[in-house]
Amino acid sequence: MSRPLVIELDRHALRQNVQRLRSIAPHSKLLAMVKANAYGHGLILIAQALEPLVDGFGVSCTEEALLLRQAGIRQRIVLMEGLLAADERTFLAAYQLETVVHDCHQLKLLTAQRLVHPVKVWLKMNTGMNRLGFSLQEFPEVWRQCQACSWLEVAVLMTHFASSDERHVPTTAHQLALFERATQNLAVEKSIANSAAILEWPQTHQDWIRPGLALYGVSPFADRIGSDYGLKPVMQLNSQIISIHPLQRGEKVGYGGVWRNPRDTRVGVVAMGYGDGYPRCAPNGTPVYVNHQCAPLVGRVSMDMLTVDLSHQPQAQHGDPVCLWGHELPIETVARHAGAFSYELLCGINRGQLVRMHIEEKK
Ligand SMILES: Cc1ncc(COP(=O)(O)O)c(C=O)c1O
C-alpha cells in the first residue's frame with residue numbers, strides 16, 4: 001500500500017488554455033515555457049501533450065532540452081538561459097537547439113570558433129529587468145557582430161518584463177517603448193510577452209508569445225484566478241484522509257499546538273506535507289477540500305501530513321478524497337492564504353514523493 005498522493009494532469013484543460021491564449025494573441029506564435037520541469041507538472045508529459053499545439057518550447061538548460069529530444073520531441077527548443085559552457089556548443093547542432101544569447105561571454109562562445117552548422121539565436125535585450133540581456137548601448141554592436149557571423153542566424157529579438165503582473169505601474173509601457181525604439185528598423189521576429197503581458201498588454205504580443213503560468217491555467221495576477229481569464233487548472237493535487245480522531249474542546253493539534261479546538265469535533269489527517277511540496281507556512285483556515293467541501297487546515301503542516309477540521313463533515317471517513325488544489329480549489333487561493341506565490345507552489349511539488357502521475361482527460 002503506497003501513500004495516496006496523486007497529481008492528475010488535465011490534458012483537456014491544457015489544450016483549452018493553449019486555445020485561449022491563441023485566441024487572445026491570434027497573430028503570434030507560441031513558445032511554451034516548460035522550464036523547471038514544466039512548472040512542476042512533469043516536463044515530458046506536458047511537452048508530449050503540447051507538441052502538436054505549440055510552435056516551440058522554452059527550457060532553462062541543455063539537460064532539459066536533451067530530455068525532450070530523447071523523449072522524441074521534434075519541435076523547436078530554445079535554451080532560455082543560453083549556453084553556460086563551451087562544450088554545450090556541440091549540442092546545438094546535434095540536437096537542433098536554439099539558444100538565447102544575453103551577454104558578451106555567450107556571444108564569444110558562439111562567434112570565436114567556426115560552427116559547422118548554422119545556429120538560430122534569440123538575442124536578448126535588457127530594457128529594465130536588469131537580470132539578463134544586452135544593454136541598449138551594447139545592442140547595435142552585438143547586432144552587427146551577429147550579422148557578420150555566417151553561422152549565426154538571429155531568429156528572434158526579445159526582452160523580458162520586470163513588472164507585467166502589476167497592472168498599474170508604468171514600467172511595462174516604458175520597457176516596451178525602449179524595445180520598440182531599439183528594434184524598429186530590424187526586420188526580424190520579436191518576442192516580449194510572458195503570461196501577464198499576454199493577458200493584459202495586447203500591444204506586447206508581437207511575433208512570439210512566451211506563456212508559462214497561464215498555460216497551466218493559473219493567473220499571474222495576485223488578485224485574479226485563472227478562470228477570470230477563461231483558463232483552467234491543469235494540475236490537480238489529490239490525497240486522502242488517512243486517519244480521523246475525535247478532539248475535545250480546548251485540545252491543541254500538531255507541532256507547537258498552534259490551533260486550539262473551540263468545540264468538540266473530529267480532526268482528519270491527510271497524507272500531504274511540506275516534504276511533498278505543500279507550503280509549511282499555510283496557516284490555520286487555509287482551505288482544503290474533503291469530499292468536495294471545504295474542511296479548513298488546522299495546526300501546523302508537518303513533513304508528510306497535515307490536519308483538517310472535520311466539524312462540518314460528520315460523515316467523513318478514512319480514505320475519503322482530499323483536494324489540496326485544482327479544479328475545485330484554485331491554487332491562487334491556497335497561495336494567497338499561505339502568503340506564497342502560485343509559481344513557487346507548482347514548482348515546489350516533490351514528484352519523487354508522489355506515487356502516481358497520469359494525464360487524465362476531463363470533459
Ligand atoms: C524569459 C522568459 N519568458 C517567459 C517566461 C514565462 O513567464 P510566465 O510564467 O510568467 O508566463 C519566463 C519565466 O520565467 C521567462 O524567464
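Here is a quick look at the ligand site and at a few residues elsewhere in the chain. Keep in mind that this is a predicted model.

**The ligand site**

Let's start with the ligand. The space it takes is the largest pocket. Around it sit 14 residues, and the closest are Tyr39, Ser195, Gly212, Leu213 and Tyr343. Sorted by class, that shell comes out as six nonpolar, four polar and four charged residues.

| Side chain | Ligand atom | Distance |
|---|---|---|
| tyrosine 39 | oxygen | 2.6 Å |
| arginine 210 | nitrogen | 2.9 Å |
| tyrosine 343 | oxygen | 2.5 Å |

So much for the contacts; what about cover? On its own the ligand exposes 400 Å², and the protein buries 91% of that. Two of the table's entries, Tyr39 and Tyr343, also turn up in the list of closest residues.

**Two positive phi angles**

Alanine 38 is not a glycine, yet its phi is positive, at about 55 degrees. Helix 2, which covers residues 35–39, is where alanine 38 lies. Is alanine 38 buried or exposed? Its relative accessible area is 0%, so it counts as buried, the cut-off being under 20%.

Glutamine 96 is another residue other than glycine with a positive phi, in this case near 50 degrees. You'll find glutamine 96 in the loop between helix 5 and strand 5, the strand being residues 98–101. How does glutamine 96 count, buried or exposed? Its relative accessibility is 62%, and since the cut-off for exposed is over 50%, glutamine 96 counts as exposed.

**Alanine 85**

Which loop holds alanine 85? It is the one between strand 4 (77–79) and helix 5 (89–94).

For a sense of scale, take alanine 85 together with leucine 21: the two are 64 residues apart in sequence, and their C-alpha atoms are 35 Å apart in space.

Methods: Residues are numbered from 1 along each chain as its sequence is written. This is a predicted model: local features need pLDDT of at least 70, side-chain atom pairs count only at pLDDT 80 or more; totals for chains, interfaces and linings use all residues. Side-chain values use heavy atoms; hydrogens and water are left out. Helices (H or I, at least four residues) and strands (E, at least two) are DSSP runs, numbered from the N terminus. A residue is near a molecule or strand if one of its heavy atoms lies within 4 Å of it. A polar contact is a pair of N or O atoms within 3.5 Å; within protein, one must be able to donate a hydrogen and the other to accept it, and residues adjacent in sequence count only if both atoms are side-chain atoms. Accessible areas come from the Shrake-Rupley method with a 1.4 Å probe; for residues, only the protein chains shown count as cover. On a 1 Å grid over the protein atoms alone, a cavity is a set of points where a 1.4 Å probe fits but cannot get out, and a pocket is an open set with protein on both sides within 12 Å along at least five of seven lines; lining residues have an atom within 4 Å of a point. A molecule sits in a cavity or pocket if more than half of its atoms lie within 2 Å of its grid points. Ala, Val, Leu, Ile, Met, Phe, Trp, Tyr, Cys and Pro count as nonpolar, Asp, Glu, Lys and Arg as charged, and the others, Gly among them, as polar. Buried means under 20% relative accessible area, exposed over 50%, partly exposed in between (1.4 Å probe, protein chains only).
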